[in-house]
Amino acid sequence: MARAGLAGAVRVARWADTALGPGRAGATADGKATLSDATTERAAADLGLSDAQVRVHWDTARLAGLVEVHGDSARPGWRLRAWDRDDSAVLRGWVALFDAWSLACPEPDGHEPAAVAEVVSAMPQVLSFLQLSAGPVPVEQLLDLLQQRVTELRTERCEVAYEPGTGQPAGAPAPAESVPADAPLAPLLDWALRALASVGALTYGDGQATLTPLGNWAVWVKLEQICVAAQSPAGNIEQSAEDMLRGCAQLRPNAARAEYRAWLAARPVGSAVTELIAAARGDDALLRGLAFEALRVVGAPAEPDVRSVVDEPALRPYALLWLAEHDGVDPEDAHEVLTRDEATWLWVDTAAAVADHGEAPMLVRHLESAVQPTVPQLLDEVRAVGHPRTVQVLVALAAAHPDPALAKAVRRAAFQVHTGG
């Protein structure tokens, strides 16, 4: 259903990507994928559509994240790139359109902006009621529910005015924004239901509304996300990405993943991924590893951001492993995508995390995970990759290792790195 509902938007987005991309024959005068009147007419002729259909599909493509508009230019979104191979990209694109239902159809004229905002804020409860009803619901019943919810919203916004210097209430509560109490909601409910029907979330006619299977699924997912966020095992969902990751450092893997899911459910995926990448760029190697574990929970939506950091030395090994696993490589075999230098860099970075947060026996055991067959070879390659924590890692390893001869060799290597030898 999602693919069918967005098929027109995909056609227009792919046409724009092919016909209007910078450097392509017939591009617009400024070499950017802008949708001018001339571009609309050309797309309509090429695709056998009317100008109005092209514009509707283009707007839908923007709302669904199939194209990303930056100023007067546009570029294909990751969902368009992943459309044929990733069902989750299709569903996320439709959910993005579903979330933007109030932009899909123009709101009716003659209504206070505050009243429109109230209806938009109240519609999740209306949709939840439709989902629980599991069948057609009369519009009159939905209107009663909408009126109740709008009344609750107005009550929640009320503020009590106090007389200056007395601390005593001056009078009855007054709403923060003035909306006439008798403002008609029926036309706004009609607009909301028509807009939701236009994106495929429900059917609307004959005085009743019914969620489509796709709309029913989307509302269920939203309710599930609310429940997940409310059940944050360690209570970190209000924290920044860095603080959340620190809070997860001592959790077992399953408990940490549950915490990641709760944290992600409480915020937009785009900003969450940006926060996690920023945390991974920090100085704490443990947070770097945990950030990419959280990005594994995010899945496909994180792919563009992960791919964009492949050229950053500190993040490259983590990003390459993430991308390999995302492409279906068995996690146990994913390390094969790393070069010897990248694997060595990752070994040092992980050792730094263990040295900072773990215990000595754990650091000794980490020595066994190196790809190099001998300690001298490991030391040579560790010195060559130039990790900024090399000296600290070697000093900690020398202090932790029970073999005096090996510890001496490691200390010597640390001294040589420290002195530039």
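## Cysteines

In this predicted model, C248 has a relative accessibility of 1% and therefore counts as buried. C105 is buried as well, at a relative accessible area of 16%. The disulfide count is 0.

## Nonpolar cores

The largest nonpolar core is made up of 62 residues. Within this core, L66, W94, M123 and L146 have the most contacts. Both domain 1 (1–103) and domain 2 (105–155 + 184–231) contribute at least three residues each to this core. A separate core has 37 residues, including A241, W263, A272 and L290.

The surroundings of L146 can be listed in detail. Beyond its neighbours within four places in sequence, L146 is in contact with V119, A122, M123, V126, L185 and L189. One of these partners, M123, is itself among the residues with the most contacts inside the largest core.

## Helix α21 and its cover

Helix α21 spans residues 390–400, and its buried residues are T390, V393, L394, L397, A398 and A400. These residues lie on the same side of α21, because the arc they cover around the axis is only 165°. An α-helix has 3.6 residues a turn, so residues three or four places apart point the same way.

The elements that cover the buried residues of α21 include α18, α19 (360–367), α20 (375–385) and α22 (404–419).

## E342 in helix α18

One of the helices covering α21 is α18, which runs over residues 340–357 and contains E342. With 11% relative accessibility, E342 falls under the 20% limit and so counts as buried.

The side chain of E342 makes a polar contact with the side chain of R316, at 2.6 Å. Apart from neighbours within four places in sequence, the residues in contact with E342 are R316, P317, L320 and V337.

## Positive phi in two loops

Most residues other than glycine have a negative phi. A134 is not a glycine, yet its phi is positive, at about 55°. A134 sits in the loop that links α8 (113–133) and β3 (137–138). The relative accessibility of A134 is 68%, so this residue counts as exposed.

D206 also has a positive phi, near 55°, and is a residue other than glycine. The loop holding D206 lies between β4 (202–205) and β5 (208–211). D206 has a relative accessible area of 81% and is therefore exposed.

Technical notes:
Residues are numbered from 1 along each chain as its sequence is written. This is a predicted model: local features need pLDDT of at least 70, side-chain atom pairs count only at pLDDT 80 or more; totals for chains, interfaces and linings use all residues. Side-chain values use heavy atoms; hydrogens and water are left out. A disulfide is a pair of cysteine sulfur atoms within 2.5 Å. Buried means under 20% relative accessible area, exposed over 50%, partly exposed in between (1.4 Å probe, protein chains only). Helices (H or I, at least four residues) and strands (E, at least two) are DSSP runs, numbered from the N terminus. A polar contact is a pair of N or O atoms within 3.5 Å; within protein, one must be able to donate a hydrogen and the other to accept it, and residues adjacent in sequence count only if both atoms are side-chain atoms. Contact means heavy atoms within 4.5 Å. A nonpolar core is a set of buried Ala, Val, Leu, Ile, Met, Phe, Trp, Tyr and Cys residues joined through side-chain atoms within 4.5 Å. Domain bounds come from an automatic or database domain assignment. The arc is that of the directions from the helix axis to the C-beta atoms.
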